[in-house]
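Dear colleague,

I am passing on the structure below, together with notes on what turned up when I went through it. Please read the notes with the coordinates open beside you.

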Number of protein chains: 2
Amino acid sequence: MTADLTALAAELPDGVLVTDPDIVAGYRQDWAADPDAGTPLAVVRATSTEDVQAAVRWAAGHRVPVVPRGAGSGLSGGSSAVDGGIVLSTERMRAIAVDPVTRTAVVQPGLLNVEVKQAAAEHGLWYPPDPSSFEICSIGGNAATNAGGLCCVKYGVTTDYVLGMQVVLADGTAVRLGGPRLKDVAGLSLTKLFVGSEGTLGVITELTLKLIPAQPPRSTMVASFATVDAAAEAVLAITRTLRPAMLEFMDQASIGAVEDSLRMGLDRSARALLLAQSDAPGAAAQEEVAAMVAACESCSATEVFSTDDPAEGEAFTAARRAVFPAVQALGSLLLEDVGVPMQALPTLIAGVEAIAAACGVRICVVAHAGDGNTHPLIVFDPDDADETVRAQRAFGEVMDLAIRLGGTITGEHGVGRLKRDWLPNQLGPDVMDLTRRIKNALDPDGILNPGAILT
Amino acid sequence: MTADLTALAAELPDGVLVTDPDIVAGYRQDWAADPDAGTPLAVVRATSTEDVQAAVRWAAGHRVPVVPRGAGSGLSGGSSAVDGGIVLSTERMRAIAVDPVTRTAVVQPGLLNVEVKQAAAEHGLWYPPDPSSFEICSIGGNAATNAGGLCCVKYGVTTDYVLGMQVVLADGTAVRLGGPRLKDVAGLSLTKLFVGSEGTLGVITELTLKLIPAQPPRSTMVASFATVDAAAEAVLAITRTLRPAMLEFMDQASIGAVEDSLRMGLDRSARALLLAQSDAPGAAAQEEVAAMVAACESCSATEVFSTDDPAEGEAFTAARRAVFPAVQALGSLLLEDVGVPMQALPTLIAGVEAIAAACGVRICVVAHAGDGNTHPLIVFDPDDADETVRAQRAFGEVMDLAIRLGGTITGEHGVGRLKRDWLPNQLGPDVMDLTRRIKNALDPDGILNPGAILT
């Protein structure tokens, strides 16, 4: 340990500063498995806001990069370590206090999303945002990336539930923004600025989250289609008048991958499958599902199934969530989360098919279809150098396509390091300049997560 | 007209630049009737983003302050004119295009909130945020202040519906942020930063708004209480498990003021009245209202009335909205919008009563009770110098009280100029410093709405 690190260690509780190379190696990459991830000096496994402040102050004094990290389940390389930097992990900051009267939860960032949901449920309350990875992703990472999920089509994304936070700034100052107030417009919307800033403006050490009453059990519909276009048409017919609590799309490759691993009895011959749920109260859920069934039938669905049994519905949802691990079993993945305005959905999916063919790689597509957010999963063999290059080409071409269609390169995973080079093409030079001015105002030495979002 | 203004006039279409003192005088104040409002050089009644750019570029070149203004219905002096500055009015920018497929509207800032709702309704869609002033306030002003309203308790505030915007920055550059995508995390959350920035960071010239399908007709409940505490208890009992689409509170003084002007047959002897609505689908609305009635009865309501007739429900809502003009008939007003965490609501209302008694002024209280956002309306006679001073003292003491209770000085109207001096007490020096750093990064010469939010 260098003399400098010894000084940092002295400011932290025992065991918080980790320099053992074997342990540190485990913090180099997140789930994006960024091949360019660096080797950090050390990991700080903070136990408190004060630990985070001490680490950031030390880093600021030494101009050492700080990469904040929650559960490490990020998919864009937002937590890839930086050579000579420190990784600031919040995984040990796991307190939560639910206040049923204000219907809020005050949460430390290391708690998993599923644990927030569970703590809320004990009070008959619900924290809606539900990334597919909700059982393994941290709430701090959710806030840092403004994470989405399956129910967002009706219930909105993470930022809609963040009422306040404590955040450690680039000089180690800790500030409190917002609080347990459903309406608060005192000053600039700073809370909202930090949500989705991917650790480039500050390190979130506490969140105040809005909760809502637990919603009724869901009714579920599954529909198969002979063409992607028919399924996309059904999506638009549904969202035009209804508010499904979930509206998911799976293409044939995804259906096959899930069937291989789960044997749910899904129709492998279908070119597309839609999975939708309603959580309207009482008889309204059945009515809403019936309307969704009718919409699918009018769009030439080949098979439609519906159920009011929550357990059966959850089995289908689990199948949808299983696409990612099922496809991962086929090889390494480059995982996209491009989004487009709703009417461009069929063009995007057709374009992705064309890119797969042109690049000679397999791309499975699942989508949060109800909000136009898709996950093309590019499968490749990392030991095949040529295929790896073709996969990377496809990765960029899918983002280029989304931008051409008026869409976004990232709907919910964040820019991180893997999509950074495409961001200027989406935002343009003036918005990039605006972004840089804010970054420079808040982190003039550029120590916070350098390389994420911005070069 | 000075030579400099002539140069600006030459860049603008005929009639856009107004220097006639009689007309300019009408743009000195907004509804807050700020006595310290200045006298501007000129008003620019922009017809396009290009007009706004020309005006801001000219102002930047001459270091002349720019006060952006929508419909002028602001209640915090956010649009008070500045001596020697220009008022940049967006009232003539009134285009709207609704896209039912993406369920979005692209709107210019001068359109009124009610006109956005009407345009959406033509497509079976709904734009939820509903300030009491929805018939006279502009959508641009709504975004600039992150306006709230009555349905926000269930449907959220303006920022929850702003997906994107075009905004003219302090140097005249126009940038596009976000767009018609329900999920988009590409780069910093800049759209959200500009919402609620009260014209201090840029001038919004176009908004992309999220719409949702029109909701079912509402069932309504009205309950009277012998004490404020009992009503506050009923509010907590309701929000604990239900999601009312509206949950409003009126105190005895407000009930009396409305009865004086509308003669609705409200119980003048009641110390508090709650007005709640459900828009749950089908039979669920009646069930939800029945549960709210039961909650009120269990909290010793003296009288409870409910109806499934939307017209009857709307009459009660109109009565609630009429409080502001009814109280205004009693004298001049200082209008607060302090908010507190829900459980502090009874303490806040009792504290406001005590302040009224101590300062010897009349304060009526209405509240968006379901989200802890209250409107103490301080009545005074502006020709009575002593009472004016006491009213101003009460105005500050109410904000001090809200801060002591962990609340906010402004839940939905904005800081503007009238609440600016209290902002540091709520936010503290570190957050004020953070605010200033962002302001300086985006508007280094301080030409955009100087004196609003920050001194």
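The contact between the chains takes 85 residues from chain B and 85 residues from chain A, where contact means heavy atoms within 4.5 Å. This is a predicted model, in which local features need pLDDT of at least 70 and side-chain atom pairs count only at pLDDT 80 or more, while totals for chains, interfaces and linings use all residues. Residues are numbered from 1 along each chain as its sequence is written, chains are lettered from A and ligands numbered from 1 in the order in which they are written, and side-chain values use heavy atoms, with hydrogens and water left out.

The area buried between chain B and chain A is about 6200 Å², with carbon and sulfur atoms giving 63% of it; buried area here is the accessible area (1.4 Å probe) that two parts lose on being put together, summed over both. On the chain B side, Lys183(B), Val185(B) and Leu188(B) lose the most area to chain A, and together they make up 14% of what that side buries.

The same surface serves both copies, since 100% of the contact residues of chain B recur in chain A.

Four salt bridges are counted between chain B and chain A, a salt bridge being a side-chain nitrogen of Lys or Arg within 4 Å of a carboxyl oxygen of Asp or Glu. The side chains of Glu412(A) and Lys183(B) meet in a salt bridge at 3.0 Å, N to O, and those of Asp371(B) and Lys183(A) meet in a salt bridge at 3.2 Å, N to O. Asp371(B) lies in the loop between strand S17 (362–368) and strand S18 (373–380) of chain B, and Lys183(A) in the loop between strand S9 (174–178) and helix H7 (190–194) of chain A, so the pair joins two chains. Helices (H or I, at least four residues) and strands (E, at least two) are DSSP runs, numbered from the N terminus. Both Asp371(B) and Lys183(A) are buried, where buried means under 20% relative accessible area, exposed over 50%, and partly exposed in between (1.4 Å probe, protein chains only).

Within chain B, Asp433(B) forms a salt bridge with Arg437(B), the closest N and O atoms being 3.3 Å apart; the two are four residues apart in helix H15 (residues 423–442) of chain B and are therefore separated by about one helical turn. Asp433(B) counts as partly exposed at 39% relative accessibility, as does Arg437(B) at 24%.

Strand S12 (residues 219–225) of chain B has seven of its seven residues buried, so it is largely enclosed by the rest of the structure. Ser219(B), Met221(B), Ala223(B) and Phe225(B) point one way from S12(B), and Thr220(B), Val222(B) and Ser224(B) the other way. Seven bridges join S12(B) to strand S14 (residues 272–278) of chain B, and these strands run antiparallel; two strands pair if DSSP finds at least two bridges between them. Six bridges join S12(B) to strand S15 (residues 301–307) of chain B, again antiparallel, with Ser306(B) in S15(B) as the bridge partner of Met221(B).

With best regards
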